[in-house]
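Please find below a colleague's note on the structure shown here.

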Amino acid sequence: MYAQKAPCSCCTENHSAFDFWVGHWIVTDGSGTVVGTNHIQKLENDCVLQERWKGSSGSTGISTNFFNSQTGYWEQLWVDNQGTHLKLKGGRIGNQMILSSEAFTHTDGKVYRNRITWTHNTDGTVRQLWEMVGNDAPVIIIFDGLYRKEE
């Protein structure tokens with residue numbers, strides 16, 4: 001008698017839309033200086049992407065990322081050793097995953113959203129760009145890193 005295989009709840013195209021980020025990465029800034037490492041793995045029968053960041057300056061952080069079938073959005077919860085936390089949601093457009101936060105009032109009194117864009121480049125690298133964007137404010141770049149697979 002053959003055992004029946006359980007259906008794969010997270011084997012849809014939407015659930016694999018962020019798979020390009022999975023791997024062990026060396027992360028550099030625009031000048032090519034190593035700013036950290038990041039390990040992204042799929043867990044829970046491929047339903048969750050878990051991120052483990054370790055910055056060269058001593059920063060560390062984790063995120064849990066998943067496709068929410070009920071809302072149709074990708075969601076991320078990020079928490080780090082500085083007490084920073086982000087709740088983001090969004091989706092994939094072409095070769096980019098774009099996740100944004102709810103609006104918030106910054107210390108300058110202006111309303112912003114955090115927007116993080118991961119771009120899957122043709123050479124296999126991934127660019128992560130974290131910006132604060134607002135309607136009546138200039139874009140503020142928080143982080144701009146290039147991910148290259150560890151060898």
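What is the handedness of the link of C8 and C11? The link is right-handed, with 75 degrees about the S-S bond.

1. Basis of the note. The model is predicted, so that local features need pLDDT of at least 70 and side-chain atom pairs count only at pLDDT 80 or more, while totals for chains, interfaces and linings use all residues. Residues are numbered from 1 along each chain as its sequence is written, and side-chain values use heavy atoms, with hydrogens and water left out.

2. Disulfide inventory. Searching the whole structure gives 2 disulfides, a disulfide being a pair of cysteine sulfur atoms within 2.5 Å. Counting bonded cysteines along the chain, the pattern is 1-3, 2-4.

3. C8 and C11. These two cysteines are joined by a disulfide with an S to S distance of 1.6 Å. C8 counts as partly exposed because its relative accessibility is 43%, whereas C11, at 51%, counts as exposed. The classes are defined by relative accessible area: buried is under 20%, exposed is over 50%, and partly exposed lies in between (1.4 Å probe, protein chains only).

4. C10 and C47. The sulfur atoms of this disulfide are 1.9 Å apart. Its torsion about the S-S bond is about 95 degrees, so the disulfide of C10 and C47 is right-handed. The pair links distant parts of the chain, 37 residues apart: C10 belongs to the segment before β1, and C47 to the loop between β2 (34-43) and β3 (48-55). Strands here are DSSP runs of E with at least two residues, numbered from the N terminus. C10 is buried because its relative accessible area is 10%; C47 is partly exposed, at 22%.

5. T28. This residue lies in strand β1, which covers residues 23-28. T28 counts as buried because its relative accessibility is 12%. Not counting residues up to four places away in sequence, T28 touches T33, V34, V35, D144, G145 and L146. Contact means heavy atoms within 4.5 Å.

6. G90. Strand β6 (residues 85-93) contains G90, which is buried at a relative accessible area of 12%. Its contacts, leaving aside neighbours within four places in sequence, are Y73, W74, I98 and L99. The C-alpha atoms of G90 and F67 are separated by 9.4 Å, and the two residues are 23 residues apart along the chain.

Key: Helices (H or I, at least four residues) and strands (E, at least two) are DSSP runs, numbered from the N terminus.
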